[in-house]
Amino acid sequence: MKLGLGLGINQRAENLESMSGFSIDSLSGLVAWYPFNTGHTVDGDALVAWADASGNSRTLTNTGQTNKRPTYESGRINWGDVNQSFMDIQNAPVPNTAASTFFFVVELTVGSSSSFSSLLCKSSDANNFKFNWGTISGQTNQLWQIVNGGFSGAQGTMLMSTLSGTGKLVNNQKTIIQFTYGGGSTAGDSTMNLSTDADGGSLTSCVNLTTETNSADAVYVWDTVGVDGNNYIKGYCDEIVIFNRKLSVSECADVRADLKARNNMS
């Protein structure tokens, strides 16, 4: 058992500041943060633990099914190398709010067949509460979807999709997925915004913009990264950031710039 390359498990995020001096943990509402090439504990090439740099002790671990741990590759985490690999979020659920912001740095294979990656899920209700990204077979421009089950407001399952020819994940190219939600009618902001930022490309300001009133005031309660019973991350997921509020446009831009710098993206 050994620590992976990068900073140790107990190293706080203050040492991860970008050249601009901005650090993700300077923003309020940060509930979990798993930075690139930092805080990994590995056994051979298997990821045993991934420390939470938010200071909330939400370490990612998998002690129940050790044969389903993702693969550590010199600071990168290959979830697709092991079928149905996953890690549990300690001290979950996160973000345990409706209003929220998520960032994922991924590199996935994009094909024409039906294929979904389960980025976040609630293990006890995997069939109805999950955060997936993928494609539907037969769609020329790819039908990207994010399913957020578990809400019992205007829709039991919220589905976001687009047939737009732009803003999709690029095949086997590092990409930032950004998702924000205002919380619903009670919070006074029912807007959902999904956007992507590919390595070497410019931000797609909005792949999809929709609304969900969430009249039941349901909250996101994720406790697992990876498999939801059928789907798992079909490739790399190198960094994850979760906030319990909707970040502003400028705050999101700061986070993306920081993610790009740390993940060697242009």
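Biologist: Let's start with a polar one: which side chain does the side chain of Asp197 make a polar contact with?
Modeller: That would be Lys260, at 3.2 Å. Keep in mind that this is a predicted model.

Biologist: Thanks! And where is Asp197 found?
Modeller: Asp197 is in strand 16, which covers residues 191–198.

Biologist: Does Asp197 count as buried or exposed?
Modeller: Buried, because its relative accessibility is 4%, and the cut-off for buried is under 20%.

Biologist: New topic: which residues touch the most other members of the largest nonpolar core?
Modeller: Phe102, Phe104 and Leu120, out of 37 residues in that core. Strand 10, residues 100–108, supplies the largest share of this core, with four residues. There is also a second, separate core of 16 residues, with Leu27 and Met265 among them.

Biologist: Back to Phe102: what is it in contact with, beyond its neighbours within four places in sequence?
Modeller: The contacts include Pro95, Leu120, Ile177, Val241 and Trp222. Phe131 is one of them too.

Biologist: How are the rings of Phe102 and Phe131 arranged?
Modeller: They form an edge-to-face aromatic pair, 5.3 Å centre to centre with 65° between the planes. The pair links distant parts of the chain, as Phe102 is in strand 10 and Phe131 in strand 12, 29 residues apart. Phe102 is buried, at 0% relative accessibility, and Phe131 is buried as well, at 0%.

Biologist: Last one: which ring does the charged end of Lys174 sit over?
Modeller: The ring of Phe36, 5.3 Å from its centre. Lys234 also lies over a ring face, that of Tyr232, at 4.6 Å from the ring centre.

Key:
Residues are numbered from 1 along each chain as its sequence is written. This is a predicted model: local features need pLDDT of at least 70, side-chain atom pairs count only at pLDDT 80 or more; totals for chains, interfaces and linings use all residues. Side-chain values use heavy atoms; hydrogens and water are left out. Helices (H or I, at least four residues) and strands (E, at least two) are DSSP runs, numbered from the N terminus. Buried means under 20% relative accessible area, exposed over 50%, partly exposed in between (1.4 Å probe, protein chains only). A polar contact is a pair of N or O atoms within 3.5 Å; within protein, one must be able to donate a hydrogen and the other to accept it, and residues adjacent in sequence count only if both atoms are side-chain atoms. A nonpolar core is a set of buried Ala, Val, Leu, Ile, Met, Phe, Trp, Tyr and Cys residues joined through side-chain atoms within 4.5 Å. Contact means heavy atoms within 4.5 Å. Rings of Phe, Tyr and Trp (its six-membered ring) pair if their centres lie within 6.5 Å; planes under 30 degrees apart count as stacked, over 60 as edge-to-face and the rest as tilted. A charge sits over a ring if NZ of Lys or CZ of Arg is within 6 Å of the ring centre and within 35 degrees of the ring normal.
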